[in-house]
Amino acid sequence: MKYQAKQLRDGNWAVFSGKSYWRNTVTENERNAKVEALHMSGRWHGEQIDKIDNALRELDAFNESDGHGYMC
């Protein structure tokens, strides 16, 4: 997963990327931090898929009739 929920020194939880975290994700609750990490990871991965799709379209390698969307 791209982002992880980790506990801070003060006992709160936040969403991290490596050793850095987003201050607006700080919460007292591990579950909420994990849910936010999943949402943020999902958005990031979705953006990566869009970039791949665009690159494939530029190469005329995107096949709309293929169930996976890619030519094999």
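Predicted model: local features only at pLDDT ≥ 70, side-chain atom pairs only at ≥ 80, totals over all residues.
Residues are numbered from 1 along each chain as its sequence is written, and side-chain values use heavy atoms, leaving out hydrogens and water.

## The chain as a whole

The protein chain holds 1 helix and 3 strands. Here helices (H or I, at least four residues) and strands (E, at least two) are DSSP runs, numbered from the N terminus. Along the sequence they come in the pattern β-β-β-α.

What radius of gyration does the protein chain have? The value is 17 Å, whereas a compact globule of 72 residues would have one near 11 Å. This radius is taken over C-alpha atoms, and the globule rule is 2.2 Å times the number of residues to the power 0.38. Along the principal axes, the C-alpha atoms fill a box of roughly 50 × 20 × 15 Å.

Of the 72 residues, 22% are buried. The word "buried" means under 20% relative accessible area, "exposed" means over 50%, and "partly exposed" lies in between (1.4 Å probe, protein chains only). The chain exposes about 5600 Å², and carbon and sulfur atoms supply 49% of that area. Such areas come from the Shrake-Rupley method with a 1.4 Å probe, and for residues only the protein chains shown count as cover.

Contacts can also be sorted by distance along the chain. Among contacts with a separation of 6 or more, 20% are between residues 24 or more positions apart. A contact means heavy atoms within 4.5 Å.

## Strands and loops

Let's start with strand β1, where K6 is placed. K6 is partly exposed, at 34% relative accessibility. Leaving aside neighbours within four places in sequence, K6 is in contact with N12, W13, A14, F16 and G18. K6 and W44 are 38 residues apart in sequence, and their C-alpha atoms are 18 Å apart in space.

Next comes the loop between β1 (4–7) and β2 (13–17), which holds D10. D10 is exposed, with a relative accessible area of 56%. The C-alpha atoms of D10 and E28 are separated by 9.6 Å, although the two residues are 18 apart along the chain.

S17 is partly exposed, with a relative accessible area of 31%. Not counting residues up to four places away in sequence, S17 touches Y3 and W22. From S17 to K2, 15 residues apart along the chain, the C-alpha separation is 7.3 Å.

Not counting residues up to four places away in sequence, T25 touches W13, A14, V15, E36 and M40.

## Charges and salt bridges

The chain has 10 positive and 11 negative side chains, and the centres of the two sets lie 12 Å apart. Lys and Arg count as positive and Asp and Glu as negative, with His and the chain ends not counted. The place of each charge is taken as NZ of Lys, CZ of Arg, CG of Asp or CD of Glu.

Side chains of opposite charge can pair when their charged atoms come close. How many salt bridges does a search of the whole structure find? The search finds 2. A salt bridge is a side-chain nitrogen of Lys or Arg within 4 Å of a carboxyl oxygen of Asp or Glu.

| Salt bridge | N to O distance |
|---|---|
| K34 and E30 | 3.1 Å |
| R43 and E36 | 3.7 Å |

K34 and E30 are separated by about one helical turn because they are 4 residues apart in helix α1 (residues 30–58). K34 is partly exposed at 42%, and E30 is partly exposed at 34%. In the other pair, R43 is partly exposed at 47%, and E36 is partly exposed at 28%.

## After the helix

D60 is found in the segment after α1. The phi of D60 is near 55°, a positive value in a residue other than glycine. D60 is exposed, with a relative accessible area of 65%.
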